[in-house]
Structure formats: C-alpha cells, structure tokens
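Colleague: I am new to this structure. Please show me how to read it, feature by feature.

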Amino acid sequence: MTMATAHERRPRGPKPRRLTAGRIGIYAFVAVSCLFFLMPLYVMVVTSFKTLDEIRMSQIFALPSHFSVEPWVTAWSSACTGASCDGLKVGFTNSVLITAPSVVLSILAGALLGYSLSLWRTKGSNVLFGLLLAGAFLPYQIFIYPLVRIYAYVSLYGTLFNIITVHVIFGLPVMTLLFRNYFSSVPIELFKAARVDGAGFWRIFTSIMLPLSTPMIIVAVILQVTGVWNDFLLGTVFAGQANWPMTVQLNNIVNTTEGTRAYNVDMAATILTAAVPLLVYFVSGRWFVRGIAAGAVKG
Amino acid sequence: MSKIATDLGRDAIIAHREAASGQISVSVRDLVIRYGAQTVLDRMSLDIGRGEFLVLLGPSGCGKSTLLNAIAGLLDITDGEIWISGKNVTWDEPKDRGIGMVFQSYALYPRMSVEDNMGFGLKISGLPKAEVKARVAKAAQVLQIEALLKRKPAELSGGQRQRVAIGRALVRNVDVFLFDEPLSNLDAKLRAELRVEIKRLHQDLGNTMIYVTHDQIEAMTLADRIAIMKGGIIQQLAPPHEVYNKPCNLFVAGFIGSPGMNFLKGRLAIAGDTVAFDIGDLRIPLHAYERSGGPLVDGAEAVLGVRPEHISLGDAASGDDGGRRFRTPGRVEMVEPTGADTMLWSKLGAQSVTIRVSADVAYHLGDTITLALDLNRASLFDAKSGERL
C-alpha cells in the first residue's frame with residue numbers, strides 16, 4: 001500500500017462525541033419501551049408463584065413471600081374448564097396434535113406451490129397466484145360458515161382432520177407467497193442446468209430447490225407454529241370440543257364463572273400457553289440468522 | 001490431454017457420429033420465437049456441422065441466448081423445428097437431446113459437492129454408482145479439478161466453478177455442447193486461460209460446440225464459424241477471418257475489431273470502368289478494391305471502411321504498388337500506446353481515422369505523416385442499406 005492510500009484510510013473530521021442529547025433520548029426511549037413490555041410479564045410471573053391469600057394482601061409488584069408451584073401444577077393438571085377439571089394438559093396435547101401436522105403440511109404445500117408457480121410458469125400460473133394472494137387479504141370470517149357447512153356435509157366437522165386442513169388452507173396463501181418469491185430469486189440457470197441434467201419436476205424440487213430453502217423453511221416454521229398455536233377462532237369453530245387447542249382451554253380456565261377467581265392459576269396457565277411460541281422465537285431466531293448468513297444460493 | 005480424451009470415449013463419439021446420417025449436427029429450421037407481440041427470432045434457419053465450433057456473437061438482446069436455449073429445449077418455440085444428430089427434437093425434453101450445457105453463472109447445485117454436481121445427471125439416468133464415479137473421475141482429470149471433488153461450490157473460485165460446470169457437461173458424453181457466455185463472469189486473466197482450455201477440449205473431443213458470447217475476442221479465437229446476430233437475425237455466418245476481413249454490412253464491420261474499423265463517409269464517383277470514392281476534395285481510386293457484387297451508382301452515398309492496421313505510414317514517394325495503396329498527408333492528433341501497438345489519430349479529409357502502428361517508433365503530437373490506405377483490404381458499404389458493395 002502506498003503512503004497516499006494509507007493516509008486516506010485515517011478517519012477524517014472531528015471525533016464523534018460519545019454521549020449526545022439525542023443518544024440519551026434514544027436510550028431512554030428504549031428503556032421505557034422495555035419496561036412497558038416487561039412489566040406485565042413480570043407481574044404474571046410473580047403472581048403465578050404466589051398463593052391466593054398473598055395476592056389478596058400484597059402489592060402486585062412485590063416478589064412472593066413464599067414461593068409456591070402449586071398454581072402451576074393446578075393450571076397444568078387440575079384447573080377446571082367448565083365441566084371437566086383436567087387442567088391445560090389436554091389442551092397442550094391437542095395443540096401439538098393440531099400444530100405439528102398443520103405446520104408440516106402447509107409448508108410443504110406452500111413450498112411446492114411456490115416452486116411450481118415461480119419456476120414452471122404454466123399457463124395461468126400468474127392468475128392463480130393473483131387469486132391466492134387475494135385470498136391472503138380476505139378476512140377469515142367470511143369463509144367460516146361455508147367451511148362449516150362443507151365439512152358438516154362430508155361428516156368431518158369438528159374433527160382433528162377438519163382443523164388441520166383448515167389451518168393448511170388458511171396458511172397456503174402466505175406460505176406460497178413466501179416460497180414463490182424465494183424461488184424467484186434462485187438463478188433460473190440453476191433450474192435450467194437441472195433440466196439439462198435430466199431432472200424432472202419432483203427431482204428438481206426435492207434434490208435442488210428444497211435443500212436450498214432452509215432459511216425460508218425456518219421463517220415459515222416460525223410463522224406457522226406461532227400462527228397455528230396462537231389461533232383461537234378456528235380452533236373454537238372447527239376442532240370440536242374433544243380437540244380444543246390450548247388457547248381455547250386457557251380461555252375456559254380464565255373465564256370460568258364458578259368460585260373465586262384464581263389469579264395465580266390463570267397467570268401460570270397463560271405463561272404455559274405462551275411458552276411454545278416463545279420457545280420457537282428463542283430457538284429458531286438463532287437458526288434464522290445462521291440460515292440467512294449461510295447464503296442460500298451462492299455458487 | 002489427448003490421451004484422456006480417448007478415455008472419455010472418443011471412439012464411441014466418433015462411432016456414433018458416423019452412424020448418424022449426414023454431416024449436420026444441429027439444424028435449426030424456420031425457427032420462430034415470439035413472446036406475446038414481440039418476435040425474438042423470426043424464421044431463422046441454421047445448420048451446424050458435425051464437430052464444428054460455432055459462436056453466436058452479438059450485442060445483448062440480439063436473440064443469441066434465446067436461440068441457444070431453444071436448441072437446448074429450455075424454452076417453448078412458437079414455430080419451426082430443431083434437429084440434432086439427424087433426429088427431430090423439437091418437442092423433446094432437454095435431457096433427451098444429447099446436449100450438455102454450461103452457463104454464465106456456473107449454475108452449480110449449491111448444496112452438493114463437486115462430485116455430486118458432476119454426477120447428478122448420470123445418477124438420475126440410472127447409471128451404476130461405480131460407473132458414475134469413474135466417469136466423474138475422468139472428467140475431473142481432464143479439467144484438473146481432482147483435488148476439488150469433495151468441496152462445495154461455495155468453496156471454489158470462479159474459474160474452478162466454471163471448470164466444474166464444464167465437467168458436468170463433459171461426463172454425460174453428449175454430441176453437442178452448448179455454452180451460454182461461460183466466461184463472462186471471470187476476470188480477464190482467467191477468461192483467457194479457460195478460453196484456451198475450451199479450445200483444447202474441442203480439439204481433443206471433436207464434439208459440436210455452440211458458444212454464445214458478446215466478446216469478439218472469444219468469438220475470433222474459438223470459432224470455426226461465427227454467426228453475428230442483431231435483432232434476431234443472423235447478419236453474417238462465416239469463418240472468423242472472413243467476418244473480420246470481409247464484413248457483409250456496416251453492423252458487422254463496426255461490431256468486430258478493436259479499435260473499430262474507420263468509417264469514411266463519401267460518395268461514389270463512376271466514370272466508365274473506373275470507380276472512385278470522393279471524400280470532399282479527396283478522390284480515392286478504387287480499382288484495387290475487390291467488389292462484392294453490390295450495385296455501384298455514380299454519386300451514391302457510401303462508406304469506406306478501413307481497419308486501423310490497414311492504414312500504414314509511409315513517405316509520399318514510396319514505390320508503386322499498382323495503385324493498391326492510396327496515399328495522403330496527415331498529422332498526428334493523438335497518440336494512444338496500448339503496449340504491443342500504438343494507435344495514432346489523424347485527419348483524413350475532415351474525418352478522424354485511427355491508425356495502428358508499431359510501438360517501436362515514437363510519434364509525437366503534430367508530426368506530419370503520410371497515410372497509406374490499403375484499398376485491397378478495405379470494405380465499401382452502401383450508406384443507406386449498410387450492405388457491402
């Protein structure tokens with residue numbers, strides 16, 4: 001390197017001041033925002049470990065004087081939802097049974113649809129995609145009654161199959177959009193090379209495109225797991241009482257009208273229900289960044 | 001290299017070649033490609049000989065890649081037929097056409113190792129694992145990428161990636177190789193290196209190769225014949241030296257050569273049998289010019305094309321060469337050294353011309369020189385139609 005360029009590389013202009021009024025303002029805002037969102041969580045956590053007596057006596061911000069896991073156990077295994085008193089565990093199992101297949105199927109279907117719409121471009125594929133997109137922006141509610149009638153007609157209403165297929169259908173527009181746009185960014189030459197090599201529709205999908213889409217699959221998993229797990233409306237309508245997901249059970253526990261309101265149990269139940277999406281965020285967030293950083297289509 | 005080529009089944013290739021009827025490898029017949037209202041190729045016909053290296057050369061948007069993709073079967077054609085090795089493959093899948101293709105962006109499968117990349121097509125076709133491995137190993141040997149077989153594409157340099165891509169086409173023992181601007185993503189040095197390698201590969205394998213590029217050096221160095229395209233039409237289809245020395249129209253003349261051909265605008269002056277070219281007051285007799293048959297009309301506007309190396313510097317009184325050279329005084333207006341040669345700029349009449357001279361002699365601004373135009377090697381074009389006269 002010559003002297004001239006070495007000189008150029010030195011910082012120019014006055015040294016920026018570390019602490020300016022604007023900077024303090026930004027930090028203050030961030031701190032307040034954190035407090036705003038963390039406060040309810042804090043209250044929930046401390047309340048869930050208190051006994052009912054203590055909740056009635058003390059300040060809501062105080063730490064429990066005597067830690068009790070009793071509310072958590074109750075919430076999980078014996079809280080009453082209307083007639084039955086089996087706690088949230090039933091709802092948890094139901095939610096897993098609903099979420100797992102819904103997520104896998106909707107991602108597979110979305111990836112396949114996005115793949116065929118982006119790379120194979122058959123006649124009318126753009127129209128189909130437009131319709132699908134429109135579907136993403138239509139409110140759920142208008143589909144509910146027709147869907148109820150259709151499923152009832154084929155005697156599948158209120159079954160696990162019902163709720164899973166409904167989730168797949170409603171997940172499809174966004175999943176397709178996600179994968180179509182992702183596959184559109186894959187160099188078309190990759191697709192051409194595979195065709196020259198003799199790979200067909202399915203081979204290109206499974207051997208080349210799907211392995212490329214790890215980052216997109218992670219995004220899709222985050223979206224779908226949280227979306228399906230947090231769903232309340234569709235679960236209430238389509239799952240049938242025996243298959244009610246955790247969210248519906250939670251509502252029934254919290255809104256139960258009999259006896260005194262067990263705040264500690266309610267809080268524990270709420271945290272339990274929120275645990276899965278939270279876990280997904282924490283775990284997959286790291287993978288998400290890693291997936292993006294790995295560079296999906298490089299080379 | 002040649003030993004390995006035999007390993008790769010040269011005998012098989014030759015046997016196959018002889019078995020197939022005729023000497024034509026790829027035949028494009030009345031090909032039409034239309035996207036909506038836009039016609040990219042309009043009734044194009046082109047025959048490519050067995051073992052020929054044909055370069056499709058042209059500016060972007062001229063339809064050269066479209067033609068290549070149509071031959072490969074990667075896009076739907078509107079009308080016409082494509083024949084490869086004596087078989088109508090117009091509606092065949094790319095894999096059934098006996099072609100291998102190399103792309104500009106390498107198009108290696110990112111999640112597969114080099115080995116798997118090269119063997120992918122063979123694996124799909126159901127070849128036994130051992131056979132796939134053997135063929136990949138041979139191709140890797142030819143291309144000197146044996147050490148890279150276990151790597152992923154992301155761990156390779158651009159030149160290495162393109163070698164792998166060529167290897168992927170190589171293992172399939174195909175009749176026809178298609179190259180879609182394979183060197184455009186490489187830096188100048190690597191480009192020259194791989195260019196030589198592709199040429200050697202062609203010499204050793206003897207396959208038909210169709211090569212798309214916008215780089216005239218690649219076209220000149222590699223091609224048996226060059227098809228220069230513009231606006232979906234082949235302007236000239238000829239061996240490199242002919243394209244260079246006898247361009248059929250102004251577009252070809254201007255496209256090939258760097259620095260470009262000098263175009264002198266003027267008028268034809270015809271008196272009896274003698275043809276001359278008037279630039280202002282300057283009259284250039286053209287009896288040394290080899291006519292190409294176009295009609296010569298007295299007073300018609302025309303363009304005289306002279307390549308920079310076909311103008312030499314001499315003194316005004318140098319020996320008689322039968323009027324082959326036309327001499328006129330000039331003055332050095334600019335000096336551009338390029339290393340091997342030096343480009344001089346001068347005026348001829350009122351028009352600027354570039355002259356390629358040896359770099360050994362030093363020229364200075366304002367030097368008085370004598371330009372000697374070699375009219376035997378010049379090109380004359382009709383100014384309106386651009387056709388060679």
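Modeller: We begin with a definition. Helices (H or I, at least four residues) and strands (E, at least two) are DSSP runs, numbered from the N terminus. By that rule, chain B has ten helices and 21 strands. Chain A has 14 helices and zero strands. Its pattern along the sequence is α-α-α-α-α-α-α-α-α-α-α-α-α-α.

Colleague: What should I know about numbering and about the kind of model?

Modeller: Residues are numbered from 1 along each chain as its sequence is written, while chains are lettered from A and ligands numbered from 1 in the order in which they are written. This is a predicted model, in which local features need pLDDT of at least 70 and side-chain atom pairs count only at pLDDT 80 or more, while totals for chains, interfaces and linings use all residues.

Colleague: How do I read the overall dimensions?

Modeller: Start with a box along the principal axes. The C-alpha atoms of chain A fill roughly 75 × 70 × 30 Å. The C-alpha trace of chain B spans about 75 × 45 × 40 Å. Next comes the radius of gyration, taken over C-alpha atoms; the globule rule is 2.2 Å times the number of residues to the power 0.38. For a compact globule of 299 residues the value would be near 19 Å, but chain A has 26 Å.

Colleague: Into which domains is chain A divided?

Modeller: Domain bounds come from an automatic or database domain assignment. Chain A has domain 1 (21-68) and domain 2 (89-296). Their C-alpha centres lie 33 Å apart. Seven residues from domain 1 of chain A and seven residues from domain 2 of chain A take part in the contact. Here two residues are in contact if their C-beta atoms, placed from the backbone, lie within 7 Å.

Colleague: Which helices supply the domain 1 side of that contact?

Modeller: α2 (21-48) and α3 (52-57) of chain A each supply at least two residues. α2(A) gives the most, with four residues. Residue classes describe the side further. Ala, Val, Leu, Ile, Met, Phe, Trp, Tyr, Cys and Pro count as nonpolar, Asp, Glu, Lys and Arg as charged, and the others, Gly among them, as polar. The side of domain 1 of chain A that touches domain 2 of chain A has four nonpolar, two polar and one charged residues.

Colleague: How many residues of each chain are in contact with the other chain?

Modeller: 18 residues of chain A are in contact with 21 residues of chain B. On the chain A side, α9 (188-196) and α10 (201-212) each supply at least two residues. The largest share, six residues, comes from α9(A). By class, this side of chain A has nine nonpolar, three polar and six charged residues.

Colleague: How do I tell buried from exposed?

Modeller: Count neighbours. A residue is buried if 20 or more other C-beta atoms lie within 10 Å of its own, exposed if 12 or fewer, and partly exposed in between; C-beta atoms are placed from the backbone. Buried residues make up 31% of the 299 residues in chain A. In chain B, 41% of the 389 residues count as buried.

Colleague: Is Met39(A) buried or exposed?

Modeller: Met39(A) counts as exposed, because it has 11 C-beta neighbours inside 10 Å. Met39(A) sits in helix α2 of chain A.

Colleague: Why is α9(A) called largely enclosed?

Modeller: Seven of its nine residues are buried, so α9(A) is largely enclosed by the rest of the structure. Among them are Leu190(A), Phe191(A) and Lys192(A). The buried residues of α9(A) pack against α5 and α10 of chain A together with α3 (64-72) and β6 (99-102) of chain B. After α9(A) comes Gly198(A), whose phi is positive, near 100 degrees.

Colleague: Which residues of α10(A) are buried?

Modeller: Ile204(A), Phe205(A), Ile208(A) and Met209(A) are buried. They cover an arc of only 135 degrees around the axis, which puts them on the same side of α10(A). That arc is of the directions from the helix axis to the C-beta atoms. Trp202(A) and Thr206(A), on the other side of α10(A), are exposed. The buried residues of α10(A) pack against α5 (89-120), α8 (160-184) and α9 of chain A.
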